[in-house]
Amino acid sequence: MNPILNAIQKSAIRIKHAIDVKDIGYSQEQNSSGETQLQLDIQSDLIIEEELSHVSDVHTIASEEKELPMLLNENGRYFIAFDPLDGSSLVDVNLSVGSIFGIYEGAFTPDKMVASCYVVYGPRVELVFAYEGQVSLYLLQAGEFEFVKHIQLNEKGKINAPGGTQQFWAPYHKAMVDSFFARGYRLRYSGGMVPDLHQILLKGGGLFSYPGATDKPEGKLRMLFEVFPFAFIFENAGGKAVDGKIRVLEKTPAHIHDTTPCFFGSVNEIDEVLSVYAGQ
């Protein structure tokens with residue numbers, strides 16, 4: 001696993017440099033979801049592809065920016081799905097963005113997930129890696145990632161990060177979100193999945209929600225590239241991740257770009273989500 005982590009770290013350093021100097025204008029290309037790609041998305045995708053191609057243990061990669069998986073090494077054992085630069089549209093207003101990685105052994109299914117990782121590009125570059133039951137935080141210092149601490153969520157948090165467009169929410173979902181605020185939860189939502197979930201992890205707990213809604217019944221976030229990696233991290237940190245009814249890691253995508261409603265958080269908040277949604 002160390003060669004994969006090293007490749008991710010090298011990618012992160014190069015992407016940080018690209019964020020600092022690269023033209024972030026729109027390209028003429030669209031990704032698999034029909035979204036016009038930023039130059040920075042394309043550059044980040046190529047950086048990660050190049051770094052992972054040097055790791056003989058990597059069999060296949062799948063990117064949020066590519067329609068189909070790509071075989072790298074026939075004798076490899078790991079399948080890596082990644083979102084090269086999640087929230088890239090926030091770069092031009094200088095908000096934090098990130099890269100997300102799900103590491104699977106043998107196939108792109110959640111039961112085969114063995115590790116996951118994300119990188120936050122903000123005032124500082126931080127990396128969180130979940131493997132063998134531990135979630136570890138690293139900080140980029142003088143060109144190298146240094147271990148900072150292990151992350152563990154509290155049973156209950158204080159942050160509420162509700163995603164999606166409110167006019168399309170189900171009434172019971174809006175009532176639940178409002179109920180958290182009525183009990184003193186603080187709104188923390190930047191529009192970037194990585195920094196918002198990172199804040200919940202480092203501040204000890206809370207709730208991030210991106211429900212199914214009338215405009216997107218199956219949610220917006222992709223299982224393989226975004227939801228599964230963070231679900232693995234939250235569960236290993238003592239939290240939970242569900243789609244409103246079941247663990248998201250019990251779901252199987254029919255296509256690598258399939259989406260799902262998702263809720264991430266500490267145990268208390270997710271149990272409340274399950275209670276509310278059980279009645280619907």
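Helix α1 (residues 2-21) has 20 residues, and its first and last C-alpha atoms lie 29 Å apart, close to the 28 Å expected at 1.5 Å a residue. The expected span is 1.5 Å times one less than the number of residues. Helices (H or I, at least four residues) and strands (E, at least two) are DSSP runs, numbered from the N terminus. The model is predicted: local features need pLDDT of at least 70, side-chain atom pairs count only at pLDDT 80 or more, and totals for chains, interfaces and linings use all residues. Residues are numbered from 1 along each chain as its sequence is written, and side-chain values use heavy atoms, with hydrogens and water left out.

The buried residues of α1 include Ile4, Leu5, Ile8, Ile15 and Ile19. Buried means under 20% relative accessible area, exposed over 50%, and partly exposed in between (1.4 Å probe, protein chains only). Contact here means heavy atoms within 4.5 Å. Axes are lines fitted to C-alpha atoms, for helices over the stretch in contact, and angles run from 0 to 180 degrees between N-to-C directions. Helix α5 (residues 223-236) lies across β3, β5, β6, β7, β8 and β9, at about 100 degrees to β7.

These strands belong to an open sheet of eight, in the order β4-β3-β5-β6-β7-β8-β9-β10, with mixed pairing. Two strands pair if DSSP finds at least two bridges between them. β4 (70-71) and β10 (144-150) are the edge strands, each pairing on one side only. Strands β8 (residues 125-131) and β9 (residues 134-141) run antiparallel and are joined by six bridges. Valine 128 has leucine 137 of β9 as its bridge partner.

Threonine 109 sits in the loop between β6 (97-105) and β7 (113-121). Its side chain makes a polar contact of 2.7 Å with that of aspartate 111. A polar contact is a pair of N or O atoms within 3.5 Å; within protein, one must be able to donate a hydrogen and the other to accept it, and residues adjacent in sequence count only if both atoms are side-chain atoms. Leaving aside residues up to four places away in sequence, threonine 109 touches Tyr104 and Thr252.

A second open sheet has five strands, ordered β12-β11-β13-β15-β14, again with mixed pairing. β12 (186-187) and β14 (240-242) each have a single partner strand, so one side of each lacks a neighbour in the sheet. Strand β11 (residues 159-162) runs parallel to β12, with two bridges between them. Asparagine 160 stands opposite leucine 187 in β12. Helix α4 (residues 193-202) packs on this sheet, touching β11, β13 and β15, and makes about 155 degrees with β13.

Helix α3 (residues 171-182) lies across β11, β12, β13 (206-210) and β15 (262-265), at about 155 degrees to β11. His173, Met176, Val177 and Phe180 are its buried residues. They cover an arc of only 95 degrees around the axis, which puts them on the same side of α3. The arc is that of the directions from the helix axis to the C-beta atoms. Their cover includes β11, β13, β15 and α6 (267-278). Exposed Pro171 and Ala182 are on the face turned away from the buried side.
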